[in-house]
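Subject: Structure handover

Hi,

Here is the structure I promised to pass on to you. Please open it next to this email and follow along.

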Amino acid sequence: MGEKAQEALQLQFDKRLRLEFHGARITSDAGLLACRELDEALGLGEAAPVYLRETRGGRNVQHELVPLLRQAVYSRLAGYEDTNDAVRLARDPAMQAVVGRRALEKQAASANTLSRFETEVLVTEQNLKGLGRLNATWVDRAMARTRHQRVILDMDSSESPVYGEQEGAAYNGHFESVCYHPLFVFNQFGDCEGAMLRPGNVHSAQDWRAVLELIVARYERTGVRRSFRADAAFARPEVYEYLEERSFHYAIRLPSNDVLENEIQHLLTRPVGRPPDKPIVWYHDFQYQAGSWDRPQRVVAKVEWHRGELFPRVGFIVTNLSAQPEGVVHFYNGRGTAEQWIKEGKYALNWTRLSCHRFVANQVRLQLFLLAYNLGNFLRRLALPKAVRDWSLRSLQLKLIKIGGRVVRHARRVVFQLAEVAVPRELFAVILDRVSELRLAPD
């Protein structure tokens, strides 16, 4: 298709091998087509104009808002975290196809166009809030197609190291780095319900209510049972009161102190006899009221004696659950999956890459990473068959999204000839069938 013929490169270790480069007809991200099919089935992209406002004007606007948003999200899902990657991706066949018909016929947005979109159009106050509301709509549409009797919200903070003079960057003593300190909320299915980018030196629980309120309001309307889990940074009376007023069950880790340890003094004596290979675990619960609390709360304690360790491992959880102590601890331990999902966002999408100078621009980048993460997670949990549903986001990226493909153009169609390596034709067909079934589900 108009490409200039080039001489093949020869390899010396085996002279039978030749290398030919057909970049305009080859893609390494053909699996994005399955993500785009899911996007269409759930109506994700079409929701964008409801929440985002186009601020550009004039006749020179060639790339519309929805295709630009798709390019910003899909490129991050494929592992391209910088707009500079658009120099190549603008002519990548898979990226052109998922962005839209115009991009497939010509090309996707250039690096300059995409950068201006992110740092000029999306940074307005209205659009920044709109990105958060768009993400909430995406999660709602995925949850509408998910069987669930309750929703469990896990809140946690994380570290996003910075390496320049970014606004809001500060030294954090806990992480021992100059960083941002974002706050995340996930549901039990791994969807990121919301996030807030914060300066690096704020307390882990700062702005918890601003992040949680919109999420709580959405689920209050559904009438499903609601639960909340968090670590010791969120062990505050105002958090308990807020959750109880909104009919939430909660389990929050409580920092140890002398009063709490006195309550379990009878469990802190080392067991007599030869220690077994497996830990000895004891549970206890009691009523406790800290000086800043207006009433007592139920506290569950877990004491573990491990072989070869002189002192026990002790943990406390404040809760309004009525379950047995062991059940409360089991429920609380489930929040460890939130830490796993944060790591997936870091290592698969590199969502800690917040390298813009302006704080607001980095807020936009984080929201775009969230949309990319959720799109990948929706595909994983709604479309993957049982045999591969345990893939991490990184595995999904490497095995499905990073499928190589050759593009053949005909007069009336464009054919992607995909490589069958980790994902054979049969598996890809099952994924598309499952996506097709999602179209029939109600919003």
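This is a predicted model: local features need pLDDT of at least 70, side-chain atom pairs count only at pLDDT 80 or more; totals for chains, interfaces and linings use all residues.

Residues are numbered from 1 along each chain as its sequence is written, and side-chain values use heavy atoms, with hydrogens and water left out.

**The sheet**

Look for an open sheet of three strands, in the order β3-β15-β16, with antiparallel pairing. Strands (E, at least two residues) and helices (H or I, at least four) are DSSP runs, numbered from the N terminus. Two strands pair if DSSP finds at least two bridges between them. The edges are β3 (26-27) and β16 (414-418), each of which pairs on one side only. Between β3 and β15 (residues 405-409) there are two bridges, in the antiparallel sense. T27 has G405 in β15 as its bridge partner.

**Two loop residues**

D207 isn't a glycine, yet its phi is positive, near 70°. You'll find D207 in the loop between β9 (192-196) and α9 (208-222). With 33% relative accessibility, D207 is partly exposed; the scale is buried for under 20% relative accessible area, exposed for over 50%, and partly exposed in between (1.4 Å probe, protein chains only).

S247, also not a glycine, has a positive phi of about 60°. S247 sits in the loop between α10 (237-245) and β11 (248-254). S247 counts as exposed because its relative accessible area is 51%.

**The cysteines**

How many disulfides are there? A disulfide is a covalent bond between the sulfur atoms of two cysteines. The rule used here is a pair of cysteine sulfur atoms within 2.5 Å, and by that rule the count is zero. C179 is in no disulfide, as the nearest cysteine sulfur, that of C356, is 17 Å away. C179 is buried, at 0% relative accessible area, and C356 is buried too, at 18%.

**D285 and what it touches**

D285 lies in strand β12 (residues 280-288) and is partly exposed, at 31% relative accessible area. Leaving out residues up to four places away in sequence, D285 touches R298, V299, V300 and P325 (contact means heavy atoms within 4.5 Å). D285 and V299 are 14 residues apart in sequence but 5.5 Å apart in space, C-alpha to C-alpha.

Cheers
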